[in-house]
Amino acid sequence: VSAEAPQPADARSDDLVVERPEGLYCPQGDFYIDPWRPVSRAVLTHAHGDHASRGHGAYLATTVSAGVLRTRLGDHITLQGLDYGEAVLVNGVKVSLHPAGHVLGSAQVRIEHRGRIWVASGDYFVSGASSSTDGPGAGTPDVNHTCAPFEPVRCHCFITESTFGLPIYRWRPQVQVMAQINAWWAANAALGRPSLLLGYSFGKAQRLLAGVDARIGPIAVHGAVEPLNAAYRAAGVRLPPAPRVGDLPDRSILRQALVIAPPSVLGSVWARRLGDSSDGFASGWMQLRGARRRHGVDRGFVLSDHADWPGLQSAIIATQAERVIVTHGYEAVMVRWLRQQGLEAGSFSTRFGEHEDDGALPAATAAEEVPAAARSVGPA
Amino acid sequence: MRRFADLYDALDASTGTGDKVAALVRYFGEAPPEDAAWAVYFLAGGKPRQVLPTALLREAACRRAGIDDWLFEECYQAVGDLAETIAHILPAGQHISNAGLAEWVEQRVLALRGLAPAEQTARIVAAWDELDAGGRFLLLKLIGGGFRVGVSKLLVQRALALHAGLDAKLVAQRLVGWTDARATPSAARLQALLAPPAAAGVGGAIGAGFGVGPGGLDGRSPASEDSGQPYPFFLAHALQADSKHFARRSASRPTGWWNGSTTAYAPRSSSGVASCGYGRAAKSWSATAFLRWSPRRPAGRTARSSMVNCSSGPMMRSRRRRSTCCSSESGARP
């Protein structure tokens with residue numbers, strides 16, 4: 001992406017987090033943060049596929065994310081849940097988890113050892129946009145309403161993501177994006193055309209559900225989204241009723257419906273079964289026309305669960321860290337920029353950001369959904 | 001500008017021609033005529049000469065966004081489009097303007113031409129602050145002459161015809177020359193474009209847009225709406241008929257037609273110098289607009305044909321395209 005080569009962080013003997021082939025490692029506490037290879041002790045920031053992998057000996061994650069983690073990694077895992085802000089000692093290193101605003105149960109990992117504090121952010125949502133352009137909310141920052149909002153944690157070194165680490169990524173207030181989606185859905189409903197809205201099944205789908213105007217018409221979801229909706233509802237997040245498409249008593253209501261599904265259904269038999277639908281994709285990548293074209297969808301809605309450029313900058317400043325280590329995204333750009341701002345900056349190369357939502361299709365629901373779809377277009 | 005930006009979004013978002021035409025018709029129905037006139041100009045492919053150098057735009061954007069050139073370059077590499085890059089890196093506009101497209105183009109964009117660079121920078125930065133990202137993108141595309149959206153001239157003609165209840169072929173004919181660089185779209189020109197077929201003086205109004213005098217293109221006063229307007233043809237293949245079956249329709253002496261290949265037939269004026277059209281206005285016609293011929297002229301006024309190789313002329317070199325033209329539909333002509 002960038003012409004610049006990544007600039008690795010200068011490792012020091014007393015660093016609290018270092019790079020290892022298995023993942024980001026804390027030598028003092030002998031544990032890993034979001035490792036991609038099997039290790040004995042893993043601290044997980046959140047349950048997306050690129051951060052939560054299988055096969056670790058013991059897991060430490062937020063209590064809120066436990067349900068989703070067990071659904072995705074299996075009931076048998078050894079998982080210790082921590083409330084936000086609750087601290088635990090791991091080999092003399094104090095570990096606590098703090099809200100990151102990315103998805104349900106997402107956390108930043110705060111590590112304290114001998115008076116030095118490091119924070120690994122995982123993925124986080126901070127937007128440079130205000131929650132509304134006018135009215136009482138004007139001036140307050142936009143937040144993800146389906147999970148605990150990002151809380152800056154003071155630290156000496158901040159490990160930040162950089163998924164949207166370019167100044168071209170500036171989110172609009174999400175009320176505006178939701179208004180666009182509502183207008184699109186209402187127009188489709190008036191034409192008797194299903195509205196197929198694509199978004200990652202964990203996080204984005206629920207944010208869409210919580211944000212759209214459910215009075216426009218019925219809402220249905222793909223089989224991969226439903227278990228995650230259940231997890232959000234169990235955690236106390238209010239979502240409008242959204243049965244699975246397969247459970248609808250009368251498929252004709254699909255013509256006025258909003259159908260929320262993971263992006264992988266685009267072009268599939270399942271999607272064709274909906275009929276002549278208009279498709280939209282909700283993602284931060286939809287900011288660029290080129291990306292919208294490449295995805296081949298009718299509409300792109302710029303809605304991300306990651307921080308935009310102003311959000312990244314304000315999050316970094318809020319930690320008051322003097323050292324910043326940049327991971328997954330535009331590392332080289334962010335490092336050069338942060339150095340210009342007078343910070344000590346480097347990068348870690350990680351496997352985060354690859355196949356963000358691979359875990360989107362739990363085996364059971366996928367198996368259940370696809371043959372049903374295949375049958376309907378069979379020779380019968 | 002907001003309305004035009006919404007139209008752009010609707011056109012950009014849709015892949016169906018039916019949806020696009022519907023969006024265009026809706027726009028023409030809602031927009032003030034002076035804005036719609038400019039919209040027709042841009043949608044039909046009109047490009048005003050670039051009023052601001054790219055380097056100035058880039059520098060002004062970097063300064064406004066508070067970023068260095070290297071970071072701008074990184075963004076540009078990710079986006080792949082200068083106007084879109086600038087539109088996104090700028091902070092959100094402070095006072096969104098309600099000005100229409102015509103006001104933006106005439107008073108903000110075209111007025112920049114010839115100003116001192118410092119003044120140009122100040123004005124463009126002020127303009128950015130009055131637009132959201134979508135509006136800025138469009139403004140920059142209009143400034144840079146790179147405006148395009150998935151709409152063909154044909155679709156614009158169809159939408160205009162639907163909007164005004166006219167024959168699409170008539171609209172197509174009237175649209176010839178609409179995007180001429182010297183013609184300024186205006187409410188009056190749009191009115192002429194959309195006037196009922198029989199309205200008198202329409203040809204004069206259109207001709208005036210070309211910078212042609214009140215006398216009309218060939219010295220006669222414009223008696224009907226198509227006086228002087230070439231007829232855009234859409235034939236699948238070249239007409240095989242002999243040119244002697246075609247008579248010229250005006251006092252000048254056109255004697256041939258385009259055949260779309262490298263060798264072109266062009267009218268020979270009375271002075272013997274090859275030209276491609278009627279009078280001064282003709283110089284601005286693109287090769288997709290063609291000479292108009294009336295078949296079955298009264299005996300004794302048959303045109304003489306002579307072949308002129310226009311491909312070597314400076315005008316032809318820049319304007320030559322593969323196209324085919326032949327006779328128009330109109331038969332008897334006084």
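Start by selecting chain B, which has 14 helices and two strands; helices (H or I, at least four residues) and strands (E, at least two) are DSSP runs, numbered from the N terminus. Before going on, keep in mind that this is a predicted model, where local features need pLDDT of at least 70 and side-chain atom pairs count only at pLDDT 80 or more, while totals for chains, interfaces and linings use all residues. Residues are numbered from 1 along each chain as its sequence is written, chains are lettered from A and ligands numbered from 1 in the order in which they are written, and side-chain values use heavy atoms, leaving out hydrogens and water.

Stay with chain B: 51% of its 334 residues count as buried (buried means under 20% relative accessible area, exposed over 50%, partly exposed in between, with a 1.4 Å probe and protein chains only).

Now for the inside. Select B:Ile124, B:Trp128 and B:Leu139, the residues with the most contacts inside the largest nonpolar core, which has 123 residues. Such a core is a set of buried Ala, Val, Leu, Ile, Met, Phe, Trp, Tyr and Cys residues joined through side-chain atoms within 4.5 Å. Next, color helix 3 (residues 33-43) of chain B, which gives the most to this core, with eight residues. Apart from that core lies another, of 43 residues, including A:Trp185 and A:Leu228.

What does B:Trp128 touch? Leaving aside residues up to four places away in sequence, its contacts (heavy atoms within 4.5 Å) include B:Leu57, B:Ile86, B:Arg136 and B:Leu140.

Time to look at charges. The whole structure holds 24 salt bridges over all chains, each a side-chain nitrogen of Lys or Arg within 4 Å of a carboxyl oxygen of Asp or Glu.

Pick A:Arg12 and A:Glu344, whose side chains meet in a salt bridge (2.0 Å, N to O). A:Arg12 sits in the segment before strand 1 (18-20) of chain A and A:Glu344 in strand 18 (residues 344-347), 332 residues apart. Both are partly exposed, A:Arg12 at 39% relative accessible area and A:Glu344 at 33%.

Hop back to chain B and show B:Asp132 with B:Arg2, another salt bridge at 2.5 Å, N to O. B:Asp132 lies in the loop between helix 8 (117-128) and helix 9 (133-144) and B:Arg2 in helix 1 (residues 2-13), so the pair ties together parts 130 residues apart in sequence.

For a last stop, select A:Arg12, A:Asp15, A:Arg323 and A:Glu344 together: salt bridges that share partners join them into one network.
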